[in-house]
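I set out to record what could be looked up in this model, entry by entry. The entries run from the overall fold to single residues.

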Amino acid sequence: MLNLTRQERQVALFLITAAFLGISINFLMKFYSPTRGLAYFYEDIGKIDLNLAGKDLLMSVPGIGEKLALRILEYRHRQAGFSSIEELKYIKGVTGHKYEKIRDYLTLK
């Protein structure tokens with residue numbers, strides 16, 4: 001195979017270990033980067049979670065009155081929660097225009 005001296009084998013092993021360590025640190029820094037979590041948090045600031053909000057919180061959204069809030073809660077109960085914001089379109093009283101108006105205030109986590 002390769003005829004390396006003991007010192008050459010040690011240097012090769014050191015270089016391989018250093019490369020592996022560098023790649024591992026790079027991966028961990030990207031994976032656990034605080035900016036990733038911050039960007040996700042920033043995107044949802046001020047939005048209401050459709051699966052957790054109560055009637056009063058839903059009514060704080062412009063375009064959602066008491067009746068519509070109750071319909072949303074009833075639909076959420078029947079369906080065991082929303083899987084997407086687009087499901088609002090299945091609720092009586094949510095027209096295309098109303099959906100466009102309220103969707104930016106809502107989120108699902």
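**Fold.** I counted five helices and two strands in the protein, taking helices (H or I, at least four residues) and strands (E, at least two) as DSSP runs numbered from the N terminus. Along the sequence I read the pattern α-α-β-α-α-α-β. This is a predicted model, in which local features need pLDDT of at least 70 and side-chain atom pairs count only at pLDDT 80 or more, whereas totals for chains, interfaces and linings use all residues. Residues are numbered from 1 along each chain as its sequence is written, and side-chain values use heavy atoms, with hydrogens and water left out.

**Burial and surface.** I noted that buried residues make up 22% of the 109 residues in the protein; buried means under 20% relative accessible area, exposed over 50%, and partly exposed in between (1.4 Å probe, protein chains only). The protein exposes about 8,600 Å², of which carbon and sulfur atoms supply 62%; accessible areas come from the Shrake-Rupley method with a 1.4 Å probe, and for residues only the protein chains shown count as cover. I then looked at contacts (heavy atoms within 4.5 Å). Of those with a separation of 6 or more, 48% are between residues 24 or more positions apart.

**Core.** Which residues touch the most other members of the largest nonpolar core? In this core of 18 residues, I found them to be L50, L58, I64, I72, L88, I91 and L106. Helix 4 and helix 5 each supply at least two residues of this core, and helix 4 gives the most, with four residues. A nonpolar core here is a set of buried Ala, Val, Leu, Ile, Met, Phe, Trp, Tyr and Cys residues joined through side-chain atoms within 4.5 Å.

I followed two of these residues further. Leaving aside neighbours within four places in sequence, L58 is in contact with L50, A53, I64, A69, I72, L73 and L106. L88 is found in the loop between helix 4 and helix 5 and counts as buried because its relative accessible area is 0%. With residues up to four places away in sequence not counted, L88 touches L50, I72, F82, V94, Y99, I102 and L106. The C-alpha atoms of L88 and L50 are 9.6 Å apart, the two residues being 38 residues apart along the chain.

A80 lies in the loop between helix 4 and helix 5, and its phi is positive, about 60 degrees, although A80 is not a glycine. A80 counts as exposed because its relative accessibility is 75%. G81 lies in the loop between helix 4 (66-79) and helix 5 (96-102); at 16% relative accessibility, G81 counts as buried. Beyond its neighbours within four places in sequence, G81 is in contact with N51, R76 and E87. N51 is 30 residues from G81 along the chain, yet their C-alpha atoms are separated by 5.6 Å.

**Charged residues.** How many salt bridges does the structure hold? I counted four, a salt bridge being a side-chain nitrogen of Lys or Arg within 4 Å of a carboxyl oxygen of Asp or Glu.

- E66 and K55 meet in a salt bridge (3.2 Å, N to O). The pair links distant parts of the chain, with E66 in helix 4 and K55 in helix 3 (residues 55-59), eleven residues apart.
- R78 and E74 meet in a salt bridge (3.0 Å, N to O). Both lie in helix 4, four residues apart, about one turn of the helix. R78 counts as exposed at 52% relative accessibility, and E74 is partly exposed at 47%.
- R103 and D104 meet in a salt bridge (3.9 Å, N to O), and E100, R103 and D104 are linked in a network of salt bridges.

Setting aside neighbours within four places in sequence, I listed L50, N51, L52, A53, G81 and F82 as contacts of R76.
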